[in-house]
Amino acid sequence: MVRPRTPLLSRDRIVEVATAIVDADGLDALSTRRLARELGVQAPSLYNHFATKEQIVDAIGDAIVAGVDLSMLGRDPWPEALKAWARAYRAAFRAHPNVVPFLARGPARRPASLRLADAVYGALVDAGWSPGHATRIGATMRFFVAGSALGSFALGFVDDPDLYARDYPHLRDAHRLAERHTHVDDSAFELGLEALVDGLERKFERLQESD
């Protein structure tokens with residue numbers, strides 16, 4: 001029998017299909033049995049590339065984070081770099097919302113996630129922030145970005161004008177939010193990001209003056 005020119009499986013192919021499963025049905029839907037079935041192989045074949053399901057989930061998370069642009073960090077002034085990075089980070093999260101709760105736990109041992117943390121921390125320290133402040137800013141930004149990607153604020157309101165008009169008069173226009181959810185959610189993110197970075201800039205100036 002002639003052996004195939006290329007292997008039936010690769011780490012990248014496994015991660016690609018596993019990510020599609022999670023995107024469609026959530027992390028709980030991912031199992032080695034289902035993954036093998038969708039790849040057209042037997043489950044033991046996966047173990048040549050990943051020892052456990054947890055390693056596959058780690059690889060999914062790292063592949064997502066690896067796509068986040070970090071080029072602005074250390075190149076642009078830190079306030080603009082921080083905002084541009086936050087937008088890129090949120091875009092990666094928004095593309096894979098079912099993975100956000102996993103990624104929000106932190107980098108663990110994932111190489112791309114650790115490179116991201118190192119790049120953000122390094123850019124802030126090099127810009128003049130103390131190591132302690134740089135650590136807390138990194139944590140603050142992760143909280144903010146992950147929270148914004150967990151779900152839609154606007155889609156949390158039902159399209160029922162009578163509900164609001166009757167009992168919640170201050171929310172009388174809330175039924176309109178769903179149809180404009182992309183604009184509302186993106187604008188809210190930008191407002192929060194501007195306010196957050198503006199506050200950090202003022203704090204940075206005070207710290208510089210006190211030295």
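A pocket is an open set of points on a 1 Å grid over the protein atoms alone, where a 1.4 Å probe fits, with protein on both sides within 12 Å along at least five of seven lines; lining residues have an atom within 4 Å of a point. The model is predicted: local features need pLDDT of at least 70, side-chain atom pairs count only at pLDDT 80 or more, and totals for linings use all residues. Residues are numbered from 1 along each chain as its sequence is written.

**View 1. The second largest pocket.** Of 16 lining residues, R94, S148, G151, S152 and D185 are closest to the centre. Helix 5, helix 8 and helix 10 (181–210) each give two or more residues. Helix 10 gives the most, with five.

**View 2. The largest pocket.** This pocket holds about 280 Å³ of space. It is lined by 17 residues; P107, L116, A117, G138 and R142 lie nearest its centre.

**View 3. Helix 5 against helix 7.** Helix 5 (residues 78–95) and helix 7 (residues 111–127) pack at about 165°, axes 10 Å apart (lines fitted to C-alpha atoms over the stretch in contact; angles run from 0 to 180 degrees between N-to-C directions). The two helices are therefore roughly antiparallel (over 145 degrees). W78, W85 and Y89 of helix 5 meet L116, V120, L124 and A127 of helix 7 (contact: heavy atoms within 4.5 Å).

Definitions and conventions
Heavy atoms only, no water. Helix = DSSP H or I, 4+ residues; strand = E, 2+ residues; numbered from the N terminus. Parallel < 35°, antiparallel > 145°, perpendicular 65-115°, else oblique. Points joined across faces, edges and corners; volume = space filled by probe spheres on them.
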